Amino acid sequence: MEHHFPPTSSETVVRHYALLAWLALLLGLFVWRLFRTVRGWEPLVWLPGVLLITLIFLHRPDADVVPFRPGLTMAAFLAALGVALVGCIVSAARLKRQGRAGWALAAMLVGSGSVAVTCLLPAISRAGAAARRSTCKSNIRSLGVAMHDWYDQHDRLPDVDCAAEGSPPVSWRVAILPLVGQAALRGRYDDAKPWNDSANLEIARDGSNGWFCPSNYNPLDDHGRRFSAYVMVTGPRTVAPGGKGLSFREITDGLSNTLLLVEAAGLNVVWTEPRDFDAATQPIGVNLPGGSPGHSPGLLSSYHGGGANAVFGDHSVHFVLDDTDPRVLEALTTATGGEDVGELEW
């Protein structure tokens with residue numbers, strides 16, 4: 001069974017059912033109060049009702065990701081909000097008929113304030129998602145700049161495995177740490193031991209280098225090691241055929257038309273792990289479904305929803321949409337393919 005990507009968190013599912021339960025409670029409360037004598041405090045009970053509905057629906061750590069059963073969730077949210085607001089208005093009207101204008105005015109102020117809060121919170125939620133996406137973009141751009149700095153020193157891009165001959169593989173992500181001001185972190189890595197050896201466990205758990213997507217709400221593996229969302233594009237005709245980085249002179253398709261790094265959160269690559277995207281064996285696509293929740297085998301995948309970030313050979317960063325033509329994606333993975341990307345309407 002295939003699972004969509006990005007996945008929906010269990011917390012989102014719980015919030016979905018909590019919203020349905022709150023709707024049922026509000027409906028019951030509304031009907032019950034219609035047949036009871038109105039009380040002065042009654043309109044005020046709808047304020048927490050409105051605020052809780054709004055917070056349950058909007059305040060999600062995975063706000064970038066499509067919510068669980070979005071159509072039903074939206075319908076439940078609007079229905080619960082409507083019940084709470086109507087309850088507030090009906091209570092105010094009943095109080096006014098009894099000559100209790102002060103309480104009626106308080107009820108209308110509660111209703112107006114609730115509507116204002118409901119209008120403001122979506123904007124706050126969207127701003128948070130935009131900030132996380134911007135941070136992710138900045139993180140992957142820093143990696144692209146570091147790879148160019150490596151090129152200035154070695155006249156070629158880094159290899160997938162930057163270990164000395166006879167040593168266990170060392171990921172390029174570890175090798176370029178000094179180029180992003182993380183020389184001390186690089187010094188803690190034991191090149192004589194494999195990346196998954198206990199000697200390198202603590203550095204794999206370290207998140208101080210900032211190479212992680214803040215939208216990923218499940219960024220650790222079972223050992224507490226941190227996933228990096230960013231991988232190099234490798235394979236025949238890419239920037240790293242056979243795992244060996246090319247020189248810019250060898251990238252005949254042009255740096256601006258060639259993918260260097262991609263956001264591939266669905267691969268669940270530990271940042272110290274010498275593993276990247278292999279265009280020869282893995283599918284070309286964006287946010288492709290995977291065999292289990294939180295996994296996607298494709299070229300690009302992210303928790304932003306709608307696409308993923310990518311760094312090109314000229315270290316420019318673009319957000320690649322998930323409906324991008326696969327032919328365009330395949331052409332962009334090649335460094336020496338000779339394709340005219342412009343003709344493919346990229």
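View 1. Leu34 is partly exposed, at a relative accessible area of 38%; here buried means under 20% relative accessible area, exposed over 50%, and partly exposed in between, using a 1.4 Å probe and protein chains only. Keep in mind that this is a predicted model, so local features need pLDDT of at least 70 and side-chain atom pairs count only at pLDDT 80 or more, while totals for chains, interfaces and linings use all residues. Residues are numbered from 1 along each chain as its sequence is written, and side-chain values use heavy atoms, with hydrogens and water left out. Leu34 belongs to helix H1, residues 10-34. Helices (H or I, at least four residues) and strands (E, at least two) are DSSP runs numbered from the N terminus. Together with Val31 and Phe35, Leu34 makes a nonpolar surface patch of about 320 Å². Patch members have over 30% relative accessible area and no salt bridge; like charges are joined within 9 Å, and nonpolar side chains (Val, Leu, Ile, Met, Phe, Trp, Tyr) within 5 Å. Accessible areas come from the Shrake-Rupley method with a 1.4 Å probe, and for residues only the protein chains shown count as cover.

**View 2. Helix H1 from one end to the other.** H1 has 25 residues and reaches 37 Å from its first C-alpha to its last, close to the 36 Å expected at 1.5 Å a residue. That expected span is 1.5 Å times one less than the number of residues. The buried residues of H1 include Thr12, Arg15, His16, Leu19 and Leu23. An α-helix has 3.6 residues a turn, so residues three or four places apart point the same way.

**View 3. The five-stranded sheet.** This open sheet runs in the order S5-S2-S3-S6-S7, with mixed pairing. Strands S5 (277-278) and S7 stand at the edges with a single partner strand each, so one side of each has no neighbour in the sheet. Two strands pair if DSSP finds at least two bridges between them. S2 (residues 230-234) and S3 run antiparallel and are joined by three bridges, with Met232 partnered by Leu261 and Tyr230 by Glu263. Five of the five residues of S3 are buried, so S3 is largely enclosed by the rest of the structure.

View 4. S6 and S7 (residues 317-321) pair antiparallel over five bridges and form a hairpin with four residues between them, where His315 in the turn has a positive phi of about 55°.

**View 5. The largest nonpolar core.** The largest nonpolar core has 42 residues, and Ile176, Tyr230, Met232, Leu261 and Trp271 have the most contacts inside it. Its largest share, seven residues, comes from helix H4. Such a core is a set of buried Ala, Val, Leu, Ile, Met, Phe, Trp, Tyr and Cys residues joined through side-chain atoms within 4.5 Å.

**View 6. Salt bridges.** A salt bridge is a side-chain nitrogen of Lys or Arg within 4 Å of a carboxyl oxygen of Asp or Glu, and the count comes to 10. Asp159 and Lys244 form one, with their closest N and O atoms 3.8 Å apart. This pair links distant parts of the chain, 85 residues apart. In the Arg188 and Asp206 bridge the closest N and O atoms are 2.9 Å apart; Asp206 is buried at 16%, and Arg188 is partly exposed at 43%.
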